[in-house]
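Here's a quick tour for anyone meeting this structure for the first time. Have a look at it below, and then we'll go through a few of its parts.

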Amino acid sequence: MDRNNLGKWLKSPGKMGQKYSLHALYFCTGCGIIEIPPSITTRWDAERFGVIPVATPRQANLFLITGYVSVKTLRYIIRSYEQMPEPKFTVGFGSCPINGGMYWDSYNTIKHLDKYIPVDGWIAGCMPRPEAVFVAVTHLWTLIDKGMADGYNKYRANYQYYRENQEKILGKLEWPPLFSKNIKHEEYRTIA
Amino acid sequence: MKNTGQLLKEKLLLSFEDIQAEVSDEHRLTVNCRKDTVITVLSFLNNSGYDHLALISCVDWIKDNVLELVYILTAYAEDKGKAKMNILVKTRITREKPGLHTVIPVFENAEPYERELHELYGIHFMGHPRLTPLFLEREYKIPPFRKDFDTRKYVQEVFDQIPFVEDKKAEK
Amino acid sequence: MNLSIILAIAFGGALLTYFSGKISKKARDVLAVLISLVIAVILAFFYNTSSREIFYTGFLDFPLILRIDTFSWFFAFTIAVIGSFSIIFSLSYIRKKGNTDYYYTMMLLVIASMIGIILSGDLVSFYIFWEIMSWSTFLLISYNRGPAIAAGIKYIIMSVTGSVAMLVGIISLYSHYGTVIYTELSGLLYNASSGYTIFIFVLFFIALGIKNAIWPLHVWLPPAHSEAPSPFSAVLSGTLIKIGTYGIILLIYVIVKINVFLNLGEGIVSARYIIAVTGAITILIPTFIALLQDDAKRLLAWSTIAQAGYIILGIAYGTSESVASGMFHFFNHAIFKALLFMVVGAVEYRTNGVRDLNSLGGLIKKMPVTFVGGLIGICGLIGVPLTNGFVSKWLIYKTLIINNSPFLAFAALLGTWGTILYSYKLLHNMFLGQLPEKYEKLERAPFSMQLPIVILSLAIILFGILPGLPLKVINSIESGFGLEPLTINIWGITSDTGTINMLNLFVAVFLIGIMIWLIFKGSKKSAGIGQYDNYAAGTTVPKNKYHYSVDFYGPLHRMISPYLRDFIDDFYMSLARSIKNLGNGIRRIYTGDVGYYAIYIMLFLALLIFIQIKWKLW
Amino acid sequence: MVNPILLIVIPLGLAFVVPLFRFISKKIEKFIPFFALLANLIISLTLFPHVLEKPIHVSIGGFLPPLGINLVAGPLGILFAMLIALVGFLVSIYAFAYIKEKDQEKYHILYLLLLTGATGVVLTGDIFNLFVFFEILCISSYSLVAYFGDKPGIESAVKYLIQGAVGSSLVLIGIGLLYGQFGTLNMADIASNIHSVHSISVFIPLVLLITGFGVEAAIFPLNAWLPDAHSSAPSSISAILSGIAIEVGLYAIVRVVFTLFGASSILTFLLFLGVITLLIGELCAFNQENIKRMLAYSSIGQIGLIVFALSIGSLSGINGGLFQLVSHTLSKALLFLAAGYMIFRSGSMNISSFEGMGKKMPYTSFAFTIGAFSIVGLPPFIGFPGKFMILKAALFEQDILFTILVFLILLATIIEGAYFFRVVQTIYFKGEKSTPGQEREIAPLSVLIPVFIFVGLIVVIGIYPKLITEILESSASELLNRADYIKNILP
Amino acid sequence: MVMTTILEIIFIILLAGIIGLFFLGLSRKIMARIHWRYGPPITQPLIDIIKLFNQTSMSHGFLFNFGIIFSLAGSVVVLLFLPFGRICPLSDSGGLLVILYLMLIAPLGLALSGGEAANPYTSIGISRKLLLAFGYELPLLLILLTVMTHYNTISIVEIVNKQFQAGWSFQHLSLLLPGIAYILILPAILGFRPFELIQAPQEISSGPMAEYSGKFLALTTIQHAFNIFISISLFTNLFLGGAANPGYFFLKILAVFVIFLFANAVFPRFRIEQAIKYLWRWPSILAFAGLIIVLITGKNF
């Protein structure tokens, strides 16, 4: 952990800030959420890594999807993901978001979350233990360091494909596209 | 001395002709009736004090080609000293174009249950005020809870057909 | 320049407007605006002059006198300016409605009579103009029909009650001292018994208190202010109730004189404290009631009562700072309350008469100028530093604390916090939050509405930063009253017990604001998003109503509303009912049977004879 | 100089000529009252400056008082004569359009007789003659109340008649007693001797006269005829009854109390009576739905106020009372005329039927509003100086009793304001904003002209009360200075 | 002269910000230790702010931006009125009454900004915030009035000076009671538990801040830090005699803050009615008693 490395802070404050201040939005889709309370309270204490739960996607930069994703939930996941400010990181928790898990042939559960939104990391297991969350967090740190946790850029770059996939499952979405076709993602930063 | 279930069974048999009733244990009374008498039976039971419709469930007997609806009734106010009764009112309907009359006039809380059954089994409840989807986002040719709905095939057709974004990009 | 010319222009202009309306609508509009402006301009030339003239000798034995000094100039000028702004505001507001000629005439008549009251130099002409104002106001309050009818009748009955009481006071003064001219009366009460002084005080306070809506006499105000046409509400709230204030100052500081007033009674039971405490109650109760209102104009109406409480408190408290604050707050309140009524009026105009706070919202996107006006208006109303309301409120708090009246200060301060609550509610429920779909196509307010809103907003800021401008005038008024003037400079007040310097504050706020703005601008730019891209726990935002405005202060409402029934109003209503029943009962004397009537005649005869035998009248 | 007797002779003579004119033209008969009263008005106006210098008295048939019947045209008499002529004249114009029956000569005859009687009462100097003219006034007004011939009209006329008859007989007894004691009917003569006899023997005729005239003057509780009669009479007659008949009754009382008896001690009683009459009148009017009844009750109240003012007994009090009397005559006549035509149009006397009148009949409603404001006593209308003077007179007594009475009066004023403002609101603001089929139906000119002359007078005198204060002052001093009155007539 | 004032201003703002952020971190750390957790580093608020400034943000419109600037400016200006040790740049501009008024700019600005967001959660949060302010303002006004009446001045500098002469305010019974009342309402002023109902993340999704992202959240955090500093140093100045130099002052406010934290870490959350009822009962009664005593015993100066 290089949290106390002042040199690094001066060099790249943004990256360091993202690393050590992960405001997490826990999306309690299924049984996985039961592992989260122990992880943020006394026993495991996620706050020592700078991970705290926040209430709305606007304040969050870590999106934790804990459990299977039904078609109906997917809509809300997408909406919440799009409302998060960038840079933002998604972590799928448990085997269900990875490939459907025990719901792999369910009529109403999507199998691969990363077909619809970009996912930066997975925590495998059914259920993963709270320690696994911290492993994921430390892993995410390395990814951020290396610049590989760039799901949000991927989403921006391939927004049309994601939107197509989303609409294939959900039908026409109620909200307008997040990124207009005319604006390339590099330009997005300068809007407003 | 007869227990509550026995008494109720006799009362039912006296009142209705074409039903079968059976007391399986002291807490359970099963009543089989035709689909057009189910509402009168339910209202009879409602008036006899079994005024809570706990659930409507459905069983797909694909071999017999019938759907069996099970209305589970209990009583809010149970007499002390008497056993708590669950009454299962069962009725069978055909699997093709299944339909029967709604029981909302008797039990208002049947509304979501019937919507659910309509959605998952395709049963049409006549007289129901709004049979709109309750849980499902997508439309299914065969209602998904029927035995002949092939989930694996469905998943392959729908979810597995959606490509990963990387693949898609590569295609282009 | 002659004072009677102003009145001639004002009254003559009112009539002229009516007849010009029969010829051309446009000419009438221009004329109405012109007359009101001309009055204001002429009055402006009277600054710092004092003159006195007898303008009419035909009324019985009383020469009717007009006079102007700094005191009356201050009030008259404020009234004329606010009046002309509301007439400008009316131009488009009233266009859709009927009876426009009538409206303008009455409006000008009200303004003219108010100026008449202010300029009058004796109590009889004061009373005459006062009554003209009362009935012309009555004819205008009911203009909107519907609920306005009950409001009008409530107003005029209370007003007549007050004015007859005042009439008794005036004639009583005349019968005691043989004059009704202010300058001759002033100080004469020095030798009067305190009982008589209190008698005069009570009589005048019934009238003045009703106009000024002091707490137990306030019941006419909320319906009248909320049901009148909005530009007229601005006049009502901004200036008309201030006529009561003017009267109170006149009574206390010109007729009775400060030294008599302060010696009227001892300690807590002195006139000074009783009136001040009434003022404090007038601040508190209406403030809490305003919190519970859902009608924008009714909320403002209750707020008007509460603000009038500050003015009364300041004037009655009797130190030179408090009197200055009372008069300054009068000036400020005229500006920001007129502004707020105009803002509500503009919204009402664009939304076709909607002023229910629960059904509006999000109008900031559609009417930005009006919103800014509203924002500055509520800042003034609250007294946010650097708006004009601040200095006057600061002065009153300070003098109350320094002179050891912490409970009065407490009432005033708590009233301010209540003000924050209700004024934020007003702004939030109208302008902020979600814009309902039906208002998507709303236009901005027309120019004739925006102009007064903008000017008044600027005035609020200006007098907030440079409070010395009006305070200079107030200072010279105070020295006329025999009070010690404050030491002021253009941007503040200096004294041993506490100084204020708005320039320092302004520079500090401005620089720090710029600094933070630079930080804000310098960091990453933010993406602008619409109102439907909103956090709703992942779901899409419903389009019809995703706006929390109903029961905005619900918890407090549930806590306090049982204690805040307007029992004063109930009392008056039950009084009216019992008079009605009494009348119905007395009418039974006239049975319709002529036999009884003959008996009455005989009984009367017998009574007369009996009286003669008993008391020997002859 | 014109002889004041013409004031009586012209209307009386023309009254009997009316049927003759039928032979010439049917249309002409309605103009006779107009001309008669115009003449009266002109005569009284020409007399006016002379009277202010010195009262004129005319002996009929050349017999000097106390033997002969004499006319005394003092300031008070001429003031009343002027008022009568003015109101009568204006109401006669109003009648052009208002009275539409075919056989209207009855109306005009009775109308002229009524005014003759009224003028006679105020001009005569002989107590019995006064009674005679009074009877002429009363009898013609009984008949005029029943002019429409409908059931309520006849019923109320009969009620009026019975009470009036009782009153008249009391007056007659009173006059008889006086004649028995003094052997003369001349008022000045009686007045000069009144203190020479025992008080109780004077008191009884005084009481009888007050009661008898009090019936016509509508003092409580003798006023029971008034609401019925006012509401069922034609509006023009209501205006006359309210504006003239009552005032003439009041004149009689004032003449009797001040000049004849010099009975200043009974004034205290009349003071209370006035306030009670005022309060009861206003309270009865408060919840009244019938507009004419409301106005009638309001008249009772106003009479109470005038009685109060006159009973203060000081110069300024009488001054104020007379001013209020003038103001009430003008305003109430205006109100009845305006309301009458609105009733004529709406077909109902209910206040709620006046909704939307402000649009339909703007001028009439405007006039009504002015009248109402004036009655309530709002400046700049005539009611204000009246009320002002009365309060001034009352408060100048510097007596706690007067202060209390003043508060009662003001309470009544508030009540009065309440019901008048209610009507004004109904006229202008109630009802639908604009309903189709609500075209303007402006009243005919013959209605508008008198109404607007009234409005003009109300506003002008309201703004410039000095116009009439001079004559009022000399009238008041005439009332107070009995000795001068007696000296004038009995040199 | 002007130069020193400007330097003072900058010094105060920086110091207050640092102390405020330090207190925020400290509070998180101490809370964690009370919960038997390890807790975040004490610099965590700073890290959060750095991160937030590096994030994108979404704005709902002009007022959304303006409100937050307005709010922060209000808080910063208050600093200039508070004696910090001996330093008080704007001591002659209205005294305690202006501080009272300026303290309302912060909630008002946040309320305006949140109102523009068109989100019912923010509106509910604002409604609660204003109501809570109304709730604690009643005892606060009584407290301040007691102090001002006691010293018969409205200038906070003078209050501090008089305490130098006559000892801390706490020594007088009449000011001890209001002092206790101030401690009781301090969590309400700061929005700490048990008055966390403004944000109430589990209930109304952090209330007024529900729509804040990136730099908006950062500025709100900074504003919160200032707020902590202001309310505690106000207490120190009024009741603990201020201080002769900034270092000593810092120790005093640190002590107050830590004591206050220990007291409040263990409470659950009030509902808004309960909060108002509480605030209008005990703290108000204490402050009122103090005011009565002051009026009876007379002024000390």
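## Around Leu334(D)

Let's start with Leu334(D) and its contacts. Leaving aside residues up to four places away in sequence, Leu334(D) touches Ala367(D), Gly371(D), Val451(D), Phe454(D), Val455(D) and Ile458(D). Keep in mind that this is a predicted model.

## The nonpolar cores

Leu334(D) also turns up in the largest nonpolar core, which has 621 residues. Along with Ile115(C), Leu313(C) and Ala412(C), Leu334(D) is one of the residues there that touch the most other members.

Chain C has an open sheet of three strands, in the order S3-S4-S5, and the pairing is antiparallel. At the edges stand S3 (487-489) and S5 (500-501) of chain C, each with a single partner strand, so one side of each has no neighbour in the sheet.

How many bridges join S4 to S5 in chain C? Two bridges link S4(C), residues 492-494, to S5(C). Ile493(C), for instance, has Ile500(C) in S5(C) as its bridge partner.

## Where chains C and A meet

Chain C puts eight residues into its contact with chain A, and chain A puts in 12 residues. On the chain C side, that's two nonpolar, five polar and one charged.

Key. Residues are numbered from 1 along each chain as its sequence is written. Chains are lettered from A and ligands numbered from 1 in the order in which they are written. This is a predicted model: local features need pLDDT of at least 70, side-chain atom pairs count only at pLDDT 80 or more; totals for chains, interfaces and linings use all residues. A nonpolar core is a set of buried Ala, Val, Leu, Ile, Met, Phe, Trp, Tyr and Cys residues joined through C-beta atoms within 7 Å. A residue is buried if 20 or more other C-beta atoms lie within 10 Å of its own, exposed if 12 or fewer, and partly exposed in between; C-beta atoms are placed from the backbone. Two residues are in contact if their C-beta atoms, placed from the backbone, lie within 7 Å. Two strands pair if DSSP finds at least two bridges between them. Helices (H or I, at least four residues) and strands (E, at least two) are DSSP runs, numbered from the N terminus. Ala, Val, Leu, Ile, Met, Phe, Trp, Tyr, Cys and Pro count as nonpolar, Asp, Glu, Lys and Arg as charged, and the others, Gly among them, as polar.
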